[in-house]
Structures are given as structure tokens and as C-alpha cells.
Amino acid sequence: MTMQVGPTAVPERLWMSMIARAVPALIIAAVITFSQDHSAAFGFITFGAFALASGVLIGFEAVGFKDHPPRALTCARAVVSALAGGFALFMGTAETEHATAAAFIATVATWALGTGALELISARVGRATKFFSREVLITGAVTVLLGLLVAIIPPDLRVDYGGIEQVEGTLTASVQTVGYVGAYLAVLGVLLVIEGITLRGILADAPAAKPELTKKA
């Protein structure tokens, strides 16, 4: 069922899916934040876990929620995320020599630009409603920004640094990319929680609104 609230018509359980999608994003963001291992292999594993979980959840959302707007593009996002997640997990766990910083950058950038573009298109086509369009427009823009930032990182980046407290370290391409992914996941998780709570509030504040069955997308 969909709930009609003024100009906003969305599946009633969409807010639950938003909260569910925020969980893996926030968990992986915390794992990255508190881990000192920012190697390419670690990045593949953490990004892969998020992308695969996200793909599965988005797939259930698109297939399980009647009249999901727009269903085809949402399914495409689910497939791309699931495939990227499976590939990344393979690269991170297979201990292959191909699990390099360059490969990690290419994987994240391709996923982010692809899924971000699909979200931006979803906000403008089909039967996307006002609320749904705003949600995917924001998250899509943030995802595309991640792709652009990661794509310009030199794969051979290596900068030694030290501070006032003589704490020494090295900034590499994998360290920077993993850092960007962690920051993105934290922002994405917070955005999804806010959007989910907002939608739940909209539906709760409309007791007079009756659920309506609409035509299939």
C-alpha cells in the first residue's frame, strides 16, 4: 500500500527500509574510523560488505514494496551495488596481487558514479514523488561526489608527514580512499536516518489520510 499525504505518496514501509539501509553504512563507518588498517585489502572488504548489504536491502525495497517509484531504476541500483560488493569482497579476501590501491579506487569510483547517477535520474523520471525525489536527489549527489573525489586520487600517492607531537605517518592512495569511503558512509547513514524519521513523522501526523492502492509503476 501507499500512503497519500498531500503531494507525497510513498509506500508506508519505506521509512523502515531507509533506517535498515542506514545500519550497515553506520556500522562500516565506525569500523573504518576505529581501525588503523587502511590498506587496499581492508578497503575492499569494508566497502564490499556495505555495497553487498546495500544492494540486497535496496533490492528487497524495490521488489517488496508495491508501487515503488521508480522500480526499474531502483532494481538497477540494487544489482550494481550487489555486484560491486561481491567483487570487492572477492578482491579483499582472495589475497590476490590485483588488490591494489588503483583497483580499489577504480572499484569505488565506478560504483559511486554509476549508482549516484541512477539515483539522480530516479529523482527526475517515472512516478517519483516529491518526498522520494528529494531523498534520492540528496543521497545521489553525495554518492556522485564520492565518486569524483575518489577518481582524482593518484594511485601512486605517497606522502610522509609528521606533526608537533612527532607523530609520523604516510598518506597513501588507499588510506585516502578508505578515509573518503568512511566519511561518505557516515554522512549517508545520518541522511537515511533523518529521512526515515521524517517520513515516519509525516505518516504519523496524517491520521485522516487513508491508504490508497495505486497503479503499478
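Over which residues does the pLDDT stay under 50, and how many contacts beyond four places in sequence does the model have for them? The residues are 208-217, and the model has 23 contacts of that kind for them.

Across the protein chain the pLDDT averages 83, and 79% of the residues score at least 70. Among the elements, helix H4 (residues 101-122) has the highest mean pLDDT, at 95, whereas strand E5 (residues 211-212) has the lowest, at 43. A pLDDT below 50 is also found over residues 1-8, a stretch with 30 contacts in the model beyond near neighbours in sequence. Where pLDDT is low, the predicted coordinates should not be read in detail.

The overall architecture can be considered next. The protein chain contains 6 helices and 5 strands. Read from the N terminus, these elements follow the order β-β-α-α-α-α-α-β-β-α-β. Among contacts with a separation of 6 or more, 77% join residues 24 or more positions apart. Of the 217 residues, 45% count as buried. The accessible surface amounts to about 10800 Å², and carbon and sulfur atoms account for 68% of that area.

Val31 lies in helix H1 (residues 14-34). Because its relative accessible area is 36%, Val31 is classed as partly exposed.

How values were computed. Residues numbered from 1 in each chain as written. Predicted model: local features only at pLDDT ≥ 70, side-chain atom pairs only at ≥ 80, totals over all residues. Heavy atoms only, no water. pLDDT = per-residue confidence, 0-100. Helix = DSSP H or I, 4+ residues; strand = E, 2+ residues; numbered from the N terminus. Contact = heavy atoms within 4.5 Å. Buried < 20%, exposed > 50% of the residue type's maximum accessible area, 1.4 Å probe, protein only. Areas by Shrake-Rupley, 256 points an atom, 1.4 Å probe, with all protein chains shown as cover.
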